[in-house]
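Subject: Handover of a structure and notes on its helix packing

Dear colleague,

Please find below the structure that I am handing over to you. My notes on what was found in it follow directly after.

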Amino acid sequence: MEVPRSVPEISLVRRWGGVMLSRAAQEAPGFVRSLRDHALRLLDGAGVVGASLRLRSVLSLPWLTVLCYHRTAEPIVAEDIDGEVVDATPAQFDAQLRSLGQHFRFVSLDEVLGATRGRPLPPNPLLISFDDGYRNCLETSLPILARHGVPAAFFIPTLHVGERRLFWWDHIAWILRHSSRELVELDFPRPLRLSLAGGTDEAHRELTLLVKRTRGLDLPRFLEALERAAGVSLEREEERRLVDRDLLDWDGVRALERAGMGIGSHTHSHRVLQTLDERELELELAGSRHELERQLGRPVRSIAYPVGYSIAGEQHLRRAVRDGGYELGFSCRAGVHPTRGGDPLDVPRLLMEKTYDAQAFTALTALPPLAPHTTIDAGWSAA
Ligand SMILES: [Zn+2]
């Protein structure tokens, strides 16, 4: 998603011919990023990274590290697929797990949940997580995880998996990509003129930002209005075909769970919590938990917030998340989680990016404060 930064959404957006910038490039201007990369390499070259990892092993710092992936896959060359849309190739992911295994102790979602209830975590705990429920979590990521004996967490948006609906940013991208109009004049939720003459990137950016920023947005009405304004209509059959190609179904989610993976919620329809009213929050939070529990036959107490804004200072959201039955919530705020005294409803994660080579990956897991900061870190109100 969009925005300047990162999130998964970004990936899908790109595949529809939309935003072509990488997450990292979006989050940090190129020169900042290259400076940071350069700094990481200097630190690595000076032995700081290795020393830090060894120190962390010895000191057993009370930090939980959580990595956030969306999919691991080979870049694909296809007309409607953005080959850039992966957080790591299978070979990269395999190497990353091997590297992490030398310094960290992989923990499961249940173990992290147990820690919120007072049970201790092993030294240098690290949780691998995946958002959005892509099919290749099962087909590609799971075999690699299994080979390394790593229990990961998968956060599932129940509407998309259950009802085979496209993510809203993909639906927007599909509409823009298929419109033959050079000018799209939208009348809902507010009058908006979007030029497609020079491509769809800017219009997509503006519309995804609109969804992320508009409180109380009637999303189905907005998508209908956009289709009307663009002169196109995504047929249900085509939508289902696209979703079937990319997203897990419930059998796939159950297969992950049977393989020892943890399953949490990614809400119902991947809406930004900060934009929702009380009724919508209940549907997105309690509603998705109930559906997951019905499908899995076991309690679900964890959630990853769509787009990843922290809810740390937002009391009504914290109450809604707790009332929704959750004890553990993950954001995409960059950082590590204090295992003693940390906020279990605001566990930060390090967003993975396929441009991280082995050196950069090792450096940022060793020294998480060096992880790229993004607009997610600035918070929803600053988006
Ligand atoms: Zn997501």
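A residue is called buried if 20 or more other C-beta atoms lie within 10 Å of its own, exposed if 12 or fewer do, and partly exposed in between, with C-beta atoms placed from the backbone. By that criterion, buried residues make up 49% of the 383 residues in the protein chain. The model is a predicted one: local features need pLDDT of at least 70, side-chain atom pairs count only at pLDDT 80 or more, and totals for chains, interfaces and linings use all residues. Residues are numbered from 1 along each chain as its sequence is written.

The protein chain has 17 helices and 11 strands; these are DSSP runs (helices H or I, at least four residues; strands E, at least two), numbered from the N terminus. Of the contacts with a separation of 6 or more, 72% are between residues 24 or more positions apart, a contact being two residues whose C-beta atoms, placed from the backbone, lie within 7 Å.

Helix 5

In helix 5, the buried residues are Phe-93, Gln-96, Leu-97 and Leu-100. Seen down the helix axis, they fall within an arc of 100° and so line one face of helix 5; the arc is that of the directions from the axis to the C-beta atoms. Ala-91, Arg-98 and Gln-102, on the other side of helix 5, are exposed. The buried residues pack against strand 3 (125-131), helix 7 (136-148) and helix 16 (358-366).

Helix pairs

The axes of helix 5 and helix 16 come within 11 Å and cross at roughly 40°. Helix 5 is therefore oblique to helix 16. Axes here are lines fitted to C-alpha atoms, for helices over the stretch in contact, and angles run from 0 to 180 degrees between N-to-C directions. Angles under 35 degrees count as roughly parallel, over 145 as roughly antiparallel, 65 to 115 as roughly perpendicular and the rest as oblique. In this pair, Ala-95, Gln-96, Ser-99 and Leu-100 of helix 5 meet Ala-358, Phe-361, Thr-362 and Thr-365 of helix 16.

For helix 7 and helix 13 (residues 250-258), the axes come within 10 Å and cross at roughly 20°. Helix 7 is therefore roughly parallel to helix 13. Cys-137, Leu-138 and Leu-142 in helix 7 meet Gly-252, Ala-255 and Leu-256 in helix 13.

A loop residue

Gly-198 lies in the loop between strand 6 (192-195) and helix 10 (201-213). Gly-198 is exposed, with 9 other C-beta atoms within 10 Å.

With kind regards
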